[in-house]
Amino acid sequence: MGFFKRNAKPDSAPTQGCDAEGLSTLLLQGEDMIDQLARAHMSWGLGSADRWGLDQRTGTITWTFPDKTATAQAQILGSWSPTASSWQWAWANDSILPELSQDACTVRDWAAAHGHDALAAQQVEADEQMAGTLAALAVRITKATGFYRGVGATSIVMITFGPVTLVAQDGSTSTFTIDIE
């Protein structure tokens, strides 16, 4: 399922006749945001934790390192299943608490308001590239300040997060914040 074509004239069918060029621009911006966020968050260790976990009751994602922990309030955008080749938005997944799917709802509502009905489908056929496309669009639409691909046993969960609190072994704390405007 292609929402647009990057190097050709936009295909209006997947976007129901809406501005596919604008959607392509949002995608490029979203991909750039993910790259910039990854580089910035690497400064405190994102991507190198020994383990990670997400507590749905508190909405907190935690990364554990040998010398510290990092926590942040999180939202689940959706999940990609490599074996099923599918993407499911968090708002359509009964195993995700509604409080953790607010960013996904923002994308759904934005898509409906802008005539991009394909972005509001509960589940779509998706390879890794399409899952990345959906995540990048969601990061851009929500203006996320953090993005994490949480690898699980059967799927990869796409997560946005806010300011990160770092707690060192000695108990000292610091906060890592990014402003998007």
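Strand 3 and strand 8 (residues 164–168) run antiparallel and are joined by 4 bridges. This pairing belongs to a predicted model. Within the pair, Lys68 stands opposite Ala168 in strand 8.

**Strands 8 and 9**

- Strand 8 also pairs with strand 9 (residues 173–176), in the antiparallel sense and over 4 bridges.
- Val167 has Thr173 as its bridge partner in strand 9.
- The hairpin of strand 8 and strand 9 has 4 residues between the strands, and Gly171 takes a positive phi near 95 degrees there.

**Strand 7 and its partners**

- Strand 3 (residues 68–81) is paired with strand 7 as well, through 6 bridges in the antiparallel sense.
- Trp80 has Ile156 as its bridge partner in strand 7.
- Tyr148 stands opposite Ile159 in strand 7, and a hairpin of 4 residues connects strand 6 to strand 7.

**Burial of strand 7**

- Strand 7 (residues 156–161) is largely enclosed by the rest of the structure, because 6 of its 6 residues are buried.
- In a regular strand, side chains alternate between the two faces of the sheet.
- In strand 7 both faces are covered: Ile156, Met158 and Thr160 are buried on one side, and Val157, Ile159 and Phe161 are buried on the other.

**Helices 2 and 3**

- Two packed helices are described by the distance between their axes and the angle between them.
- For helix 2 (residues 102–113) and helix 3 (residues 128–142), the axes come within 9 Å and cross at roughly 90 degrees.
- Helix 2 and helix 3 are therefore roughly perpendicular to each other, since angles from 65 to 115 degrees count as such.
- The contact brings Asp103, Thr106, Val107 and Trp110 of helix 2 together with Ala138, Ile141 and Thr142 of helix 3.
- The residues of this contact comprise 4 nonpolar, 2 polar and 1 charged.

**The nonpolar core**

- In soluble globular proteins, nonpolar side chains tend to be buried together.
- The largest nonpolar core here has 50 residues, of which Trp44, Trp63, Trp87 and Phe161 touch the most other members.
- Helix 3 supplies the largest share of this core, with 9 residues.
- Leaving aside residues up to four places away in sequence, Trp63 touches a set of residues that includes Trp44, Leu46, Trp52, Lys68, Tyr148 and Phe161.

How values were computed: Residues numbered from 1 in each chain as written. Predicted model: local features only at pLDDT ≥ 70, side-chain atom pairs only at ≥ 80, totals over all residues. Heavy atoms only, no water. Buried < 20%, exposed > 50% of the residue type's maximum accessible area, 1.4 Å probe, protein only. Helix = DSSP H or I, 4+ residues; strand = E, 2+ residues; numbered from the N terminus. Pairing = 2+ DSSP bridges. Axes fitted to C-alpha atoms, helices over the stretch in contact; angles between N-to-C directions. Parallel < 35°, antiparallel > 145°, perpendicular 65-115°, else oblique. Contact = heavy atoms within 4.5 Å. Nonpolar A, V, L, I, M, F, W, Y, C, P; charged D, E, K, R; others polar. Core = buried A, V, L, I, M, F, W, Y, C linked by side-chain atoms within 4.5 Å.
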